[in-house]
Amino acid sequence: MNEQIKYYNAALSRDTQYTDKFKEVILTKGSLPSVYLFPQSKYQTLVLDVRAIQEDVTIILKNKDNREELKSLFIPQDKPEQIEINIAGIKELEVEVRGNAVIYPTSHYK
């Protein structure tokens, strides 16, 4: 994703334990990590490639413009998942992760 991204209790990681075939990934850690995306109403869809690590996680996608919860998903441990969600008209999106996960750089907007 080329748009702006902010993290809370998450960071870019080059740890080969998590990167798979990528140079770096976003690794969530700590208490209630979130990744903030700023599509600025330019896109219709967000495709998020994630993998839960150490335990199962729940991912909650929220429209930060109106605080609406868009989708809540259970992701089983160590099974890569692709989440696709309609983000038409959304300026700021929060990806809240309840647990530890890897977000891969193949995630993108359409």
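Analyst: Arg-98 and Glu-96 form a salt bridge, with their closest N and O atoms 2.9 Å apart. A salt bridge here is a side-chain nitrogen of Lys or Arg within 4 Å of a carboxyl oxygen of Asp or Glu. This is a predicted model: local features need pLDDT of at least 70, side-chain atom pairs count only at pLDDT 80 or more, and totals for chains, interfaces and linings use all residues. Residues are numbered from 1 along each chain as its sequence is written, and side-chain values use heavy atoms, leaving out hydrogens and water.

User: Is Glu-96 buried or exposed?

Analyst: Buried means under 20% relative accessible area, exposed over 50%, partly exposed in between (1.4 Å probe, protein chains only). Arg-98, at 45%, counts as partly exposed. Glu-96 has a relative accessible area of 6%, so Glu-96 is buried.

User: What is the bridge partner of Leu-61 in β6?

Analyst: Strands (E, at least two residues) and helices (H or I, at least four) are DSSP runs, numbered from the N terminus. Two strands pair if DSSP finds at least two bridges between them. β5 and β6 (residues 68–75) pair in the antiparallel sense over 7 bridges. The partner of Leu-61 in β6 is Lys-71.

User: Which residue takes a positive phi in the hairpin of β5 and β6?

Analyst: This hairpin has 4 residues between the strands. A phi near 65° is found there at Arg-67.

User: How many residues apart in sequence are the parts that Glu-24 and Arg-14 tie together?

Analyst: The side chains of Glu-24 and Arg-14 meet in a salt bridge (3.1 Å, N to O). Glu-24 lies in the loop between α1 (16–19) and β3 (25–28), and Arg-14 in the loop between β2 (10–13) and α1, so the parts tied together are apart by 10 residues.

User: How many salt bridges does the structure hold?

Analyst: The Glu-24 and Arg-14 pair is a salt bridge, as is the Lys-62 and Glu-96 pair. The structure's total is 7.
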